[in-house]
Amino acid sequence: MIHFLNLRKLNQPFEVAFQKKMKQFLDGGWYILGNEVKQFETDFATYCGTKHCIGVGNGLDALVLIFKAYIHLGKLEKGDEVIVPANTYVASILAVLQADLVPVLVEPRLKTFNINPDEIEAKITSKTKAILPVHLYGQLCEMKVINEIAQKHNLLVIEDAAQAHGSQFSEKEKAGNLSNAAAFSFYPGKNLGALGDAGAITTNDDELAEVLFSMRNYGSKVKYENEIIGVNSRLDELQAAFLNIKLKQLDSENEFRRSMAKRYLSEIKNEKIIMPSWDLSQNHVFHLFVIRTSNRLELQNFLKENGIETMIHYPIPPHKQKALSNWNNLSFPITEKIHDEVLSIPLNSGLKASEIQHIITILNQY
Ligand SMILES: Cc1ncc(COP(=O)(O)O)c(C=O)c1O
């Protein structure tokens, strides 16, 4: 069976370095907010081209903390509206709700799966204060247009870059530095994945960074002195140590994924399958390779019978989730179509050449 994602295989190349680091970690005896976190924050900020990186517990917290810090700074108020894509992982929307803000859903483009900027302005009201573009599956949103709309209406822009580590329009325009602040997740399956939960925020805003460094740590900069109401959501020292090792390989992981995506795009030829749209630039890091088909269950079963595991990202749109029951009667036809048709096929550096070839052959046979 070709597994969708074999984390053990993916982390195998790092095992010796992890063990060496683990020994240093045990010898050092410093477990919370130590040098590994500091190192990661410095290096990830440099990697993204931002002034600051604040390590936090996970990607959801990264988003929630950005919103809460802006509320603390008086730039957002409880009840303000935030434009979010209807087609996203539910975390983007939960973050807005958890900060007592109001998510306003906007349809995606069918072609890119990402928020459609042409639909944003119609949803802006006097209460709208921010836009949260999500770089879904690793592909950057249309940030130039989104930032222009934001500037025109005096809105904050916050990137959900949880799936897009390293995606870039150019050396200087990279996921994490295309907005006021960005949230990253290092959930194990991500292109830069920890060995547990982890997340980070990047920003060029000094004032915001200062609040966030304190807010993630009980609202405290000096131990037992609490300046603001904070939470406990620190990037774990051991996870930071693993991430420091893996960050050095992120560009090559992304390059591998792009080259594999190029092969899929040029070699999979099947009228029943709609391939993802990509301009072959570095604006995509293929966290997921997502195809569409009108008979998804049939294709998924066919692939399974031929030894290929697939996944669905995602089967139920946020507005149809039980947890968001007051939205269940809303209609977002493009989002619903995407959720009905998408299928993610294996793509990561743990795959052997023969496995990649098998996936291509079988998809052409369907
Ligand atoms: C788009 C998106 N936003 C937010 C998150 C939340 O990240 P985490 O699982 O680390 O809390 C994820 C990942 O799971 C995600 O894919």
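Student: Why is E255 called partly exposed?

Tutor: E255 has a relative accessibility of 38%. Buried means under 20% relative accessible area, exposed over 50%, and partly exposed in between, with a 1.4 Å probe and protein chains only. The 38% of E255 falls in between, so E255 counts as partly exposed.

Tutor: Some ground rules: this is a predicted model, where local features need pLDDT of at least 70, side-chain atom pairs count only at pLDDT 80 or more, and totals for chains, interfaces and linings use all residues. Residues are numbered from 1 along each chain as its sequence is written, and side-chain values use heavy atoms, with hydrogens and water left out.

Student: What makes R258 and E255 a salt bridge?

Tutor: Their side chains come to 2.8 Å, N to O. A salt bridge is a side-chain nitrogen of Lys or Arg within 4 Å of a carboxyl oxygen of Asp or Glu, so at 2.8 Å the pair of R258 and E255 qualifies. Both residues sit in helix 9 (residues 250-267), three residues apart, about one turn of the helix. Helices here are DSSP runs of H or I with at least four residues, strands are runs of E with at least two, and both are numbered from the N terminus.

Student: And is R258 buried or exposed?

Tutor: Buried: R258 has a relative accessible area of 7%.

Student: How many salt bridges does the rule find?

Tutor: The count comes to 19. One of them joins the side chains of K51 and D206 at 2.9 Å, N to O. K51 is in the loop between helix 3 (35-48) and strand 1 (52-56), while D206 is in helix 7 (residues 206-215), so this pair links distant parts of the chain, 155 residues apart. K51 is exposed at 52% relative accessibility, whereas D206, at 40%, is partly exposed.

Student: What distance makes E207 and K75 a salt bridge?

Tutor: The side chains of E207 and K75 meet at 3.9 Å, N to O. E207 lies in helix 7 and K75 in the loop between helix 4 (59-72) and strand 2 (81-85), so the pair ties together parts that are 132 residues apart in sequence. E207 is partly exposed at 44% relative accessibility, and K75 is partly exposed at 39%. K75, D205 and E207 are linked in a network of salt bridges.

Student: Why would such side chains pair up at all?

Tutor: Side chains of opposite charge can pair when their charged atoms come close.

Student: Over to S92, then. Why is S92 called buried?

Tutor: S92 has a relative accessible area of 1%, so it counts as buried. S92 lies in helix 5. Contact means heavy atoms within 4.5 Å, and S92 touches L63, L132, V134 and D160, not counting residues up to four places away in sequence.

Student: What makes the pairing of S92 and T88 a polar contact?

Tutor: The two side chains come to 2.7 Å. A polar contact is a pair of N or O atoms within 3.5 Å; within protein, one must be able to donate a hydrogen and the other to accept it, and residues adjacent in sequence count only if both atoms are side-chain atoms. At 2.7 Å, S92 and T88 meet that distance limit.

Student: Where is S220, and why is it called buried?

Tutor: S220 is in strand 10 (residues 220-222), and its 8% relative accessibility makes it buried. The side chain of S220 reaches the backbone oxygen of V222 at 2.7 Å. Leaving aside neighbours within four places in sequence, S220 is in contact with S214, E225 and N226.

Student: Which domains does the protein have?

Tutor: Domain 1 (7-106 + 113-244) and domain 2 (249-365), with bounds from an automatic or database domain assignment. The contact takes 30 residues from domain 1 and 32 residues from domain 2.
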